[in-house]
Amino acid sequence: MYLCRLIIMNNYIPKYLTSKESVIWTICGTALFAELFILIYQPFGSRSWTDREWIFIGFATLAVLVAMAIITASRTFMYLYAKKHRIAYWEYGVWILVEIFAMSFTYSLFPIIVLHRELNFLDLFREAMIDTFFILLIPYTVATLAFILEDKTKRLKELGNNSPSQEKEEEDNTIVCFKDEKGDVKLSLRAESIYYIESADNYATIYYSNNEKQALSRYMLRNSLKQIEDSLNRRNMVRCHRSYIVNLDKVKVLSRSKEGLQLDFGKEGLRLLPVSKTYSRKVIEIFS
């Protein structure tokens, strides 16, 4: 139960679900499917819209355009929001539920306000919730599966072009740039020299080594740990506590004590970093 709650609350959706291509394909695919769905199944009380087929097609298209305006606004806002924030799976689920509610509300009002039909709004809304669920579920699912397949194919090609040792060497030699809250680069370090990052109020302190035999150097930066975490985008550098980001490549021992999980760098004079329950699953997975 704890593991399920941990996955739901802390795992984030992959970035390709909020990419520009994903937004465009999702909107276009949903519009096409909604038009066909209305023409074939005639939901939302549309059977009573008109007896003339060509007029019905026009009304159906108008209903789809209004609903797609909602989806376009929603997905555009999601795209802009995802540029600065990571979206958890539960947040993505709530987002879709809001889209379903907004579209159902619109479809329920359409025959009453636009077509001036004397219909029961609550009955229309209940029916619209079910129909809208399928209108969004099918194209959303198809689009998601298509992007998952594309992402997996891309990763397989990358694995084929790079051996694990090459990938590891490239990652270690990568230069990591740390920016302040204004976006200005204040410090650049090789990834392999970074040990951990500690936050205090609106500041973050980066602990790194100039020489393995010497004590760690440190640099204080005015920025939040959350912003730094989002900018790192590196598998080995993970959040282990609300106050720490750690480079797991530097950790020698992961142990459990009365206080919980702790990370030991195996370097004299370096503190043990705590691992909170919120981040324990991800730390264990990557460290293992």
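Strands β3 and β4 form a hairpin with two residues between them. Asp 201, in the turn, has a positive phi of about 55°. Strands here are DSSP runs of E with at least two residues, helices are runs of H or I with at least four residues, and both are numbered from the N terminus. The model is predicted, so local features need pLDDT of at least 70 and side-chain atom pairs count only at pLDDT 80 or more, while totals for chains, interfaces and linings use all residues. Residues are numbered from 1 along each chain as its sequence is written, and side-chain values use heavy atoms, with hydrogens and water left out.

Strand β4 spans residues 203-208. Its other antiparallel pairing is with strand β5 (residues 217-222), over six bridges. Thr 205 of β4 is the bridge partner of Glu 198. Thr 205 also stands opposite Met 220 in β5. Strand β4 is mostly covered, with five of its six residues buried. Buried denotes under 20% relative accessible area, exposed over 50%, and partly exposed in between, with a 1.4 Å probe and protein chains only.

Glu 198 also takes part in a salt bridge. Its partner is Arg 271, and the closest N and O atoms are 3.3 Å apart. Glu 198 lies in strand β3 (residues 194-200) and Arg 271 in the loop between β9 (260-264) and β10 (273-275), so the pair ties together parts that are 73 residues apart in sequence. Glu 198 counts as buried, at 18% relative accessibility. Arg 271 counts as partly exposed, at 37%.

The structure holds eight salt bridges. The criterion is a side-chain nitrogen of Lys or Arg within 4 Å of a carboxyl oxygen of Asp or Glu. Side chains of opposite charge can pair when their charged atoms come close. Another of these bridges joins Arg 86 and Glu 229, with the closest N and O atoms 3.8 Å apart. Arg 86 lies in the loop between α3 (53-82) and α4 (89-114), and Glu 229 in helix α7 (residues 225-232), so this pair ties together parts that are 143 residues apart in sequence. Arg 86 is partly exposed, with a relative accessible area of 30%. Glu 229 is buried, at 16%.

Glu 229 also forms a salt bridge with Arg 239, where the closest N and O atoms are 3.0 Å apart. Arg 239 sits in strand β6 (residues 237-241), and Glu 229 in helix α7, 10 residues apart. Both Arg 239 and Glu 229 are buried. Salt bridges that share partners join Arg 86, Glu 229 and Arg 239 into one network.

The largest nonpolar core has 28 residues. A nonpolar core is a set of buried Ala, Val, Leu, Ile, Met, Phe, Trp, Tyr and Cys residues joined through side-chain atoms within 4.5 Å. Val 64, Met 68, Ile 71, Tyr 92, Met 103, Tyr 107 and Leu 136 touch the most other members. Helices α2 (20-41), α3, α4 and α5 (121-161) each supply at least two residues of this core. Ile 71 touches Ile 27, Glu 99, Met 103, Leu 136 and Tyr 140, not counting residues up to four places away in sequence. Contact means heavy atoms within 4.5 Å.

Helix α8 (residues 277-287) has Ser 280, Val 283 and Ile 286 as its buried residues. Seen down the axis of α8, they fall within an arc of 145°, so they line one face of the helix. The arc is that of the directions from the helix axis to the C-beta atoms.

Lys 252 lies in the loop between β7 (244-247) and β8 (253-257). Lys 252 counts as exposed, at 58% relative accessibility. Its contacts are Asp 264, Phe 265, Gly 266 and Phe 287, not counting residues up to four places away in sequence. The C-alpha atoms of Lys 252 and Gly 266 are separated by 5.7 Å, and the two residues are 14 apart along the chain.

The structure holds zero disulfides, defined as pairs of cysteine sulfur atoms within 2.5 Å. Cys 28 is partly exposed, with a relative accessible area of 48%. Cys 177 is partly exposed, at 40%.

Technical notes. Pairing = 2+ DSSP bridges.
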